[in-house]
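Open the model in your viewer with the cartoon on.

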Amino acid sequence: MGTRWAAGRRLFLACAALLAVVGAIGQGTGWIMLTPTLGPTAYVLLVHPESEAARLRNSSLGPLVATAGGLACLAVFGLWQHPFVVEQKHDTWSLIGAQALAAGLTLLVLELIEAQHPPAAATALLITAGIARPGPPLYGMLVGLLLLIAGAALIAWITRRTGTDTTREAEGEQ
């Protein structure tokens with residue numbers, strides 16, 4: 001139990017600190033960088049740093065593929081200037097089609113290029129729902145993801161150098 005508590009405390013502190021830094025930088029720049037896609041990304045990178053989904057290649061390509069797919073679906077369905085879901089308070093068939101296609105397309109391409117990264121599906125949905133619409137909201141989300149990935153990589157490097165990785169020890173208690 002003590003090792004699990006130590007691992008949980010380390011994860012809590014790392015996640016809270018990373019997200020607070022990203023949010024503060026967003027506040028300073030006037031861009032919203034702290035978006036819902038950062039939560040599952042932080043989970044994958046911090047809790048499972050050795051997993052395939054957490055590899056730098058996968059965590060970088062995932063959001064890029066999702067962004068390309070999301071933007072393409074906005075264009076195909078004529079939703080580039082469409083109000084986002086929260087403003088409308090309901091889905092339209094074109095919005096549902098764009099969201100479903102963008103998420104499915106993201107999974108397809110990531111599978112084909114062998115770069116699995118589950119949080120990318122959330123990124124595709126944020127774009128097609130209009131929450132991270134083209135312009136500053138999209139730029140903020142992407143910069144936030146970049147900062148989170150860089151911060152998680154730094155934490156992983158420090159953890160390896162100092163030998164303070166408690167997640168593996170906690171997993172051994174199961």
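Helices (H or I, at least four residues) and strands (E, at least two) are taken as DSSP runs, numbered from the N terminus. This is a predicted model, in which local features need pLDDT of at least 70 and side-chain atom pairs count only at pLDDT 80 or more, while totals for chains, interfaces and linings use all residues. Residues are numbered from 1 along each chain as its sequence is written, and side-chain values use heavy atoms, with hydrogens and water left out.

Start with everything selected. The protein has 8 helices and 0 strands. Along the principal axes, its C-alpha atoms fill a box of roughly 55 × 40 × 25 Å.

Next, colour by accessibility. Buried residues (under 20% relative accessible area, 1.4 Å probe, protein chains only) make up 40% of the 174 residues.

Now select residues 136-162, helix α7. Its 27 residues reach 38 Å from first C-alpha to last, close to the 39 Å expected (1.5 Å times one less than the number of residues).

Show the side chains of α7: the buried residues include L138, M141, L145, L148 and I149. What covers them?

Finally, step past the end of α7 to G163, where phi is positive, near 70 degrees.

Definitions and conventions: Buried < 20%, exposed > 50% of the residue type's maximum accessible area, 1.4 Å probe, protein only.
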